[in-house]
Every structure is written in C-alpha cells, then in structure tokens.
Amino acid sequence: MILIGAAFFRLLAVLFSKGYGMHDDHFLVIEAAQSWVDGRDYNYWIPSLSPQVTEPTGHSLLYPGLHYFLFRLLEGIGMFDPQAKMYVVRLLHALLSMTIVVMGYRLADRLQGKGAAKIAGLLLGMLFFMPMMSVRNLAEFVCIPALLYASVIAVREEHDQRWKPLLLAGLLLGLACSVRFQTIVFSGGMGLALLILRRWRQAFALGAGFVGSLVLVQMVTDMIIWGTPFMELMAYIRYNIDNAETYGVQRWYNYILLLSGILIPPVSLFLLFGYLRSWRKHLLLFLPAFAFLLFHSSFPNKQERFILPAIPFVIILGSIGWSAFHAGSQFWMRNTRLYRGIWIFFWSVNLAPLLFVSTTYSHRSRVEAMVYLSRKADFRELIVEETNHDYTTQPPLFYLRHWTSPLELHSGITMDTLKARMAARIPAHRPNYVVFNQEDDIDARVAAFNREFPGLTYETTIYPSFVDEVMHWLNHHNANFTAYVYRIE
C-alpha cells in the first residue's frame, strides 16, 4: 500500500506538476541541455560552442549532460514539443524517486522492524513535498538515491566486513558528488564513521571508489573540455568561498527550524529526537547526514533546497530511533489515544498541501507565455517589460523553442535605450512581441509603451497557478506574476 500511495501521488505530479520550482532546476539543467542539442550554449559553459568562454563557471556537466542525451533520443523518435519532453523527464525522475521509498523502508525494517519501516516508507512516499520534489530537476534531490544506496551497502556489510561492496558504495558517492558537489561532506562523514568503527579496509575501499568515480566523471570531462583536471570543481569551490555571504545569509539554527516545520510538528520533533538518539547505535547513518547538516548550518549562505539530500536520512533514522524509544516508553504506552491522535492530526495537516503541491503548475505564467509565443508563426524576438522593478524575470526559452536574446525594459533601462538597442538589430531580429509581467499599474505601463510603439495589440493574459499566487503572497521575492502578451506592430 505504501508503494501504491507513493506511486499515485508521483503520477499526479508527473501529469500536473508542470513548469519548474526554482531557477536551478530549469535554467541550469533543461535550458542548458536543449541548447546543446540545438548547437547553442545557453549558459556559456562550453568553450567549443562559445569561444568567448575562457574559464569554467563551476558547474558539473553530468546531470545536464544526461538530459542532453535524453533530448537527442526523444528528438530522434520525433518528439520535439517541450511539454511532451518534460512529461518524459518527470516520469523518469518519479521512477528514480521510488527507489528512495523502497530503500528507506527496507533499511528501517532491517534495523528496527516493520513499525519503523512503515513510518519511514509513508513519510518518504507521501510527505507533502516529496512527490513534487521527486519530479523536479533539482540536483539536491536527484543525488539522494545514490547516497541512500551507498548507505544501504555500508549497513549491510557491517558484519561481513567485505571491502569490495564498499568500493561500489564509493563509486555511488562519487556519482552523487558529480551531481551535487556539496555531498562530498556526506561522503566524508561516511568515511569517518567507518574509521571510527575500525572498519579500515572498508574505509579505504570507500575512498578509492569515491576518488575513482570523480576521476572517471569529473577529471576526464574537464580534460576533454579544458585540458586541466577538476577545473569545474575548483571553480565551484572558489565561487562559493567568494560568495559565501552574497545570497541568503541566515542564522545557524535556520535548518533546525526548517526541519521542525516541514516535517510537521509534533511528529517532526519525534523524528529529530529519534535521529539524535540513534547516533551511537547507527553511526553509519547518523554521521554523514549530521556532517552535511552541520556544514550547511555553519556556512553563511543558506537556501532551503541545500539540505534536501539529508532529509531522507533524518526521516529514516528518525523513524528507527523514535520507534525504538516509543516501544519502551511507559508514557506512550499509557497514552495510546493521544499518540493515535497526533498521527491523525499529522496526516490531516499533510493531506491538503500534498494534493495541492503534487498538482501545482509552478511558474505557470512564465512557461505558458513562452508556449503561447512558440505557436506564433510571425514571432521574431521578445521584449520583457517590468518597469516596476529594477530587473526583469528570466523567460524560460526552452518552451519558446527559439534561442532568442530578449530585450529588457525595467526601471534601470530607459525607453530611449531600448529603442536604440532595437535599432541596432537587423530587421529579422527586432522584437515584435512584448510580455508585461505583473499586474501592478499595468494599464499605465501599456499606455506608456504604446506611446513609443503605436499600434500595440493585445494578445492574451496568462495567470499564475493558485500555489504560485500563494507563494508570491507569502514572499514577494517569489516572482510569480500575471503575464500580459502584446504584439508590436
């Protein structure tokens, strides 16, 4: 039943959770891969495609590279529509994420029994954000199956002390690192745990597998592209050191509060207690995730998605530790109705966002504006107008199917500058459509634009999804706007 429920909500997400969640899960993966298929280099990562690129930007090419081959395959069988391609992408990610549920259940069952396995499996399968995250192109989530499988191997070999399976575990950890560089801290935690447990040969095998995997993926790739090994990894490290306080700087306990909230209290407190309580007995599961959380809690730049790789381990070990505690607790034995009521409350609170989040169309207006323009036979180029901001929102050109160079019009760019930039282009590349983002002062903005470009013709209005509107209401930095499309005569 757990697998059926997990598969059901992931299928909902495959069918209805279109769009993208945030910048990285689209522009650093999908746009990059499709541009390579079309002989372009959207992010300017590849010097052979963009001669002006002289140094790496710190991005692993493994994950977007896999999408490149997938898109080549899909176009080879006649599938060119972006939305159709994304159905396939979401389905493959949903299938991959089912392994998290299976491995989490079996690991909890092995270490504590069916009670802990049931809690872990249900949470991994149907916690409100898990199905939606399962179909997103987030490296932070995609690396989890490799991390979890490596952990399963390490736990399974605890008694036999064989070293060869740990070589495979190291290879898996290296692959996870090639998807998400920060997981090197997780891998170091596992190696340290093996050393503390005096499993010397296994620790060495794990390290050898990890290094071998990085050599095969990162070193070889960088040698081909840059002629120097580990260029992207070094660039990534330098960038994060230089920009440690550039983005979301928050207090050290931010992730503790985040975990306490998204795992839904008071069950979240049960899980965190169970996780911390199990540190000695299950060090191999505890230390890697703890090291990962400790690193991110200490690092100034904090974004919610950064700790996604650790969440399944907190859930699994939290379920194990809490089940062990609950089984021996006289208080909970005397208060079975209270305990049952807490879980009823948990699943009641979880169900509503589970349905909404699993079926929401993220950044709908941005995506659908591009889809609409992609169907216009006369489309040449695009202007994005956001004069009520000092920036413009990046349009997802993957859905436009046209690697245009949109012109921007915001509070920092004058109309004269825009007209000069238009005049500098050859006629075939001059914009003939404009997208006005956000409804604020829309009539005045359209009128001002029409004074400079008479004959502006209204085409359509595209609204954000309900969840987009809620997210924008909660935090106006979530740029989920209504989009107004006009044609420039």
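## Salt-bridge network

A network of salt bridges links Asp24, Glu140, Arg180 and Arg305. The model is a predicted one, and it holds 14 salt bridges.

Glu140 is buried, at 2% relative accessible area. Arg180 is buried as well, at 9%.

## Partly exposed salt bridges

Lys376 and Glu459 make a salt bridge in which the closest N and O atoms are 3.0 Å apart. Here too distant parts of the chain are linked, 83 residues apart, with Glu459 in strand β4 (residues 457-462) and Lys376 in the loop between α20 (364-374) and β1 (382-386). Glu459 is partly exposed at 22% relative accessible area, and Lys376 is partly exposed at 24%.

Another salt bridge joins the side chains of Lys419 and Glu452 (3.1 Å, N to O). Glu452 is in helix α23 (residues 442-452) and Lys419 in helix α22 (residues 415-423), so the pair ties together parts 33 residues apart in sequence.

## Contacts of Ser60

Ser60 sits in the loop between α3 (30-37) and α4 (62-76) and counts as buried at 13% relative accessibility. Its side chain makes a polar contact of 3.0 Å with the side chain of Gln218. The Ser60 side chain also reaches the backbone nitrogen of Leu62, at 3.5 Å.

## Negative patch

Glu439, Asp440, Asp441, Asp443 and Glu469 form a negative surface patch. Glu469 lies in helix α24 (residues 466-474) and counts as partly exposed at 41% relative accessibility.

Technical notes:
Residues are numbered from 1 along each chain as its sequence is written. This is a predicted model: local features need pLDDT of at least 70, side-chain atom pairs count only at pLDDT 80 or more; totals for chains, interfaces and linings use all residues. Side-chain values use heavy atoms; hydrogens and water are left out. Patches are made of residues with over 30% relative accessible area and no salt bridge: like charges are joined within 9 Å, nonpolar side chains (Val, Leu, Ile, Met, Phe, Trp, Tyr) within 5 Å. Accessible areas come from the Shrake-Rupley method with a 1.4 Å probe; for residues, only the protein chains shown count as cover. A salt bridge is a side-chain nitrogen of Lys or Arg within 4 Å of a carboxyl oxygen of Asp or Glu. Lys and Arg count as positive and Asp and Glu as negative; His and the chain ends are not counted. The place of a charge is taken as NZ of Lys, CZ of Arg, CG of Asp or CD of Glu. Helices (H or I, at least four residues) and strands (E, at least two) are DSSP runs, numbered from the N terminus. Buried means under 20% relative accessible area, exposed over 50%, partly exposed in between (1.4 Å probe, protein chains only). A polar contact is a pair of N or O atoms within 3.5 Å; within protein, one must be able to donate a hydrogen and the other to accept it, and residues adjacent in sequence count only if both atoms are side-chain atoms.
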